[in-house]
Amino acid sequence: MTTTLPDKTLLLDDTASLRAAARFVREHDSAALLPLLLPGLGGPDLEALAGHCRFAHAGLLVFPPDADGLRAQLAACGLAVDTPAHPSVVVRERLARRHRRDPAELDVQILRPQVLGCGGERRAVEVFALTVPPHSGLEPIAAYERTRQHEAHLAFEIDRPEASALRGLCAILVRHGARPDGGGYNPHEDATVLYFTLPADAACDYRRLELYARGDHQDTLAAHLDHDSRRDARQPAETLLHLLTGAWTTQALTTFARLGLPDVMDTRTACCTEDLARLTGAHPRSLAVLLRYLAMVGAVTPAPAPTPARTPSPAHDTADAPEQAPEEAREQAPEQEGFRLTELGALLRADTPGSMRPLALMYGGPFYRSFSGLDHAVRTGQPGFDRIFGENHFDHFARDPELASLFDRSMAASSRMFQPLPAHPVIAAAAQAPAPATVVDIAGGNGELLGLLLTAHPRLRGVLLERPHAVGAARRRLAAAGCGERCDYRAGDFADVPSGGDVYVLSRVLHDWDDDRCREILRHCARAMPAHADLLVVERLLPVDGSPSLATAWDLHMLCNVGGRERRADHYARLFADAGLQLVGHSPLPLDAHVLHARRASAPDPVTRRS
């Protein structure tokens, strides 16, 4: 499940944003919402968060022209217009820093009109209102903030906010990928707020989370604000050492997956290292070293484990043996250490839904080797993969069926980015068309995405175009999903895009290629598309403002391995235009991905073309 902010065009309408926030607050509860925000959260950590925190509000920043304009917006959304307002210290300071303004220029008020939750709980929409008179010097701030939605967040209020509990809750959030992102104390409310940036793979388009604790928690706030600067506070040599040893983490996780350890471990019950070594054919002491490192990165956690039964030696009287000190016993018998699997580590199980094991084997295998050629790629502009393996990425994988299968499975391991696509307006409209519509998945791999769409919409038909070595795997996967009879398979290249489809899909294809090849691929699509057809392109978009993004990391990955690149939305718009297509819009997906919607430049209006 993915929960979304309004479409980008609607973000320019404060009323639409308010209405969407109110609806979100009404429809969600803490226990179901927390795992969406923190993928992998479960077990004791989920119980601790859900037990101490309650979903309190969704927050957003709006820009009314005056007080009457704000009241009109509240009324249009069914929110109380007489909600009292008071100054917002934290957001005002954040805006001042972000836009290099004097805080005195920014009159930011905070209101919390009440909303009832799905079970009748008293919640709110937290409205930060920066008054922006027409034609004032604040209009650029409003335009920027409406687009970026920096202040949009979800808040959880902490019951009984004792210092130790508050610190523990912060630690859980950080352990599951949330990053401290400011906060402060508001004397007008006598409350401490702690902001976090959510992980990139959160199944929700709100990117920030707030912990709200009544009272002045100065020590916790100081530690929270200091957390983000700890890396900078280290000695430069220490910081660099942490960065340089990142490769060790990749190989440790890959070894963890390759040995099959996640498959023989449990998330609730600990197992001793000796038993794990016997189950996986590993050396006990060496395995203990690996597991300690994996505990440091959060894939396992130390826990007491039952001691394996031992048969006393008849040559010794164990009753007369001196008792070992606990420290000495641990030092002499690392194989007795116990560990249990975390929710993060469980993602590397072979049979778990959405398993990331194939990704671990790829990033710790062929792509690990290829990155040793990164300097060649940067010097020459040619892929490092080609230099290391002596041939390009696609030919190398095509010649090795086992490696090709691993690559297809690794692509499918990121399939959570596809989860919102069945509800995309283009797909929904095709599914409801009077005559059965056809989705053409170009270079569709093993059919993961097409299977998702056909399973969600039984009236849709599919066509999958792939190179010959991949078609067989796709055929088997779609047959197993129960939708093989509604799908045709074409072995070919981009020049063979079949005509007559209603929706065409290019998922994670264009980033493999340079601009000239992208234009060629898009022209093949445009020639095959009927006038009414839509094109959906799934890619990661580079951020306009240079903010941290998975797209930036993948840009480096594409440079090194295929000679491709990630792009900004306006770059894709130019490529579409060169191919006779026009970008209609784009919307976010999980894992920092986006779906771009394009049509032929002369296409009819999308609302009427299928009527």
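**Glu157 and the rest of the chain**

Modeller: Let us begin with Glu157, which counts as buried because its relative accessibility is 12%, under the 20% limit for that class. Please keep in mind that this is a predicted model.

Colleague: In which strand is the place of Glu157?

Modeller: Glu157 belongs to strand S6, which covers residues 153-158.

Colleague: Which side chains make polar contacts with the side chain of Glu157?

Modeller: One is that of Arg54, joined to the Glu157 side chain by a polar contact of 2.9 Å. Another is the side chain of Arg214, with a polar contact of 3.2 Å to that of Glu157.

Colleague: And which residues does Glu157 touch, not counting those up to four places away in sequence?

Modeller: Glu157 touches His52, Cys53, Arg54 and Ala56, and also Tyr212 and Arg214.

Colleague: Let us change topic to the whole chain. How many helices and strands are there?

Modeller: The secondary structure of the protein chain consists of 29 helices and 19 strands.

Colleague: What is the radius of gyration, and what would a compact globule have?

Modeller: The protein chain has a radius of gyration of 27 Å. Along the principal axes, the C-alpha trace spans about 90 × 65 × 50 Å.

Colleague: What percentage of the residues is buried?

Modeller: Of the 611 residues in the protein chain, 49% are buried. As for the surface, the accessible area of the chain is about 28400 Å², and carbon and sulfur atoms account for 54% of that area.

Colleague: What about contacts between residues at least 6 apart in sequence?

Modeller: Among those contacts in the protein chain, 70% join residues at least 24 apart.

Colleague: How many positive and negative charges are there, and how far apart are their mean positions?

Modeller: The protein chain has 65 positive and 77 negative charges, and their mean positions are 4 Å apart.

Colleague: Now the backbone. Which residue other than glycine has a positive phi?

Modeller: His135 is one of them, with phi near 65°. His135 is in the loop between strand S5 (122-130) and helix H7 (139-148).

Colleague: Is His135 buried or exposed?

Modeller: His135 is exposed, because its relative accessible area is 75%, and exposed means over 50%. Leu591 also has a positive phi, of about 60°, and is not a glycine. The loop that holds Leu591 runs between strand S18 (581-588) and strand S19 (593-600). Leu591 counts as buried, as its relative accessibility is 9%.

Colleague: One more loop, please. Where is Asp512 found?

Modeller: Asp512 is in the loop between strand S16 (503-507) and helix H27 (515-528). With 14% relative accessibility, Asp512 counts as buried. Apart from residues up to four places away in sequence, Asp512 touches Phe394, Met558, Val562, Gly563 and Gly564.

Colleague: How far is Asp512 from Leu478, C-alpha to C-alpha?

Modeller: Their C-alpha atoms are separated by 25 Å, and Asp512 and Leu478 are 34 residues apart along the chain.

Colleague: Finally, where is Leu374, and with which residues is Leu374 in contact?

Modeller: Leu374 lies in helix H20, residues 374-380. Leaving aside neighbours within four places in sequence, Leu374 is in contact with Leu556, Leu559 and Cys560. Between Leu374 and Arg387, 13 residues apart in sequence, the C-alpha to C-alpha distance is 9.7 Å.

Technical notes
Residues numbered from 1 in each chain as written. Predicted model: local features only at pLDDT ≥ 70, side-chain atom pairs only at ≥ 80, totals over all residues. Heavy atoms only, no water. Helix = DSSP H or I, 4+ residues; strand = E, 2+ residues; numbered from the N terminus. Rg over C-alpha atoms; globule rule 2.2 N^0.38 Å. Buried < 20%, exposed > 50% of the residue type's maximum accessible area, 1.4 Å probe, protein only. Contact = heavy atoms within 4.5 Å. Areas by Shrake-Rupley, 256 points an atom, 1.4 Å probe, with all protein chains shown as cover. Lys, Arg positive; Asp, Glu negative; His and termini not counted. Charge placed at Lys NZ, Arg CZ, Asp CG, Glu CD. Polar contact = N/O pair within 3.5 Å; in protein donor to acceptor, adjacent residues only side chain to side chain.
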